[in-house]
Amino acid sequence: MGRYDFRPLRVHQHASQLLAAGRIRITPPWHEVIGTIPPAQTLVRSQPLQHQERPRRPNIKKPSKLFQPQRIVYEEDTLRKEFFGDHPWELARPRVVLENDGKDAERKDWSLPSQPDRPIDGESVVQRQMFLLHGNPEEGHMPDPDMTPAKAYDQARKEFYEVRLQQDIERRVAKEEALATGAYFGKSTLQIGMELEDKAYEEWKAWASNEVMEQEQKRAAMYTGIGSDAASVPEADPQVDPEPEELEAAIKSS
């Protein structure tokens with residue numbers, strides 16, 4: 001066979017010969033597929049990507065990790081980290097969990113801050129910032145040479161705030177119109193959360209009152225039974241009549 005093994009390339013040919021000779025009665029399910037789409041016959045490997053060269057320490061002759069994978073870095077990741085670091089609650093908003101194909105810059109017109117067929121979110125800010133930085137030469141939008149990442153971020157962020165404010169006003173007006181026509185809305189999430197918080201506070205308040213009362217009773221019981229000289233002297237009973245000798249002495253003195 002020499003240096004290369006060509007047997008995997010002849011699997012379809014060998015199977016066809018066995019079928020023609022009757023050695024195989026049932027046609028394998030992959031027979032037609034391999035015949036239509038044969039495997040590649042390129043035996044020369046293409047030049048791989050060159051990995052980043054790491055500096056070697058002078059006291060180590062052979063590095064412990066000679067081959068390191070190339071670090072994959074995208075500009076959008078840095079922009080996403082900055083935006084969601086400033087707006088962490090954007091991650092708590094419900095969203096459709098679908099993978100993007102990474103071609104939003106080609107299919108969307110990011111010269112506008114919002115798109116009609118997708119809700120505005122943090123990814124919209126990232127794509128808008130990328131458009132302000134690099135433009136879209138294919139569509140005739142050239143980048144501004146004076147545009148910096150900080151300026152692009154501020155502009156995309158302010159446009160994002162304006163769109164969100166407009167959406168909030170539209171929802172508020174729609175709710176007021178619905179209430180005016182007789183619609184009824186249940187409690188909002190904020191009201192439900194406040195009621196649960198008040199209920200938990202009242203339960204804690206009752207528990208704290210019982211704990212304080214028990215502590216006071218224990219503290220009072222600790223000093224019960226310890227007498228003093230003043231406590232040992234019996235007090236006079238105001239309901240007992242005085243003795244006759246005391247009355248005579250009081251009359252003579254008067």
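The side chains of Arg164 and Glu90 meet in a salt bridge with an N to O distance of 2.8 Å, a salt bridge being a side-chain nitrogen of Lys or Arg within 4 Å of a carboxyl oxygen of Asp or Glu. This pair links distant parts of the chain, 74 residues apart: Arg164 belongs to helix H6, and Glu90 to the loop between H3 and helix H4 (104-107). Helices (H or I, at least four residues) are DSSP runs numbered from the N terminus. Arg164 counts as buried because its relative accessibility is 11%, and Glu90 counts as buried at 15%; buried means under 20% relative accessible area, exposed over 50%, and partly exposed in between (1.4 Å probe, protein chains only).

The model is predicted, so that local features need pLDDT of at least 70 and side-chain atom pairs count only at pLDDT 80 or more, while totals for chains, interfaces and linings use all residues. Residues are numbered from 1 along each chain as its sequence is written, and side-chain values use heavy atoms, with hydrogens and water left out.

By the stated rule, the count of salt bridges comes to 10. Among them is the pair of Glu195 and Lys187, with an N to O distance of 2.8 Å. Glu195 is partly exposed, with a relative accessible area of 41%, whereas Lys187, at 52%, counts as exposed. Salt bridges that share partners also join Asp77, Arg80 and Glu123 into one network. Asp77 counts as partly exposed at 40% relative accessibility, as does Arg80 at 25%.

The packing of two helices was also examined. Helix H5 (residues 122-134) and helix H6 (residues 149-180) pack at an angle of about 135°, with their axes 9 Å apart. Axes are lines fitted to C-alpha atoms, for helices over the stretch in contact, and angles run from 0 to 180 degrees between N-to-C directions. H5 and H6 are therefore oblique to each other, the class that remains once angles under 35 degrees count as roughly parallel, over 145 as roughly antiparallel and 65 to 115 as roughly perpendicular. The contact (heavy atoms within 4.5 Å) is made by residues including Val125, Arg128 and Leu132 of H5 and Ala152, Tyr153 and Phe160 of H6.
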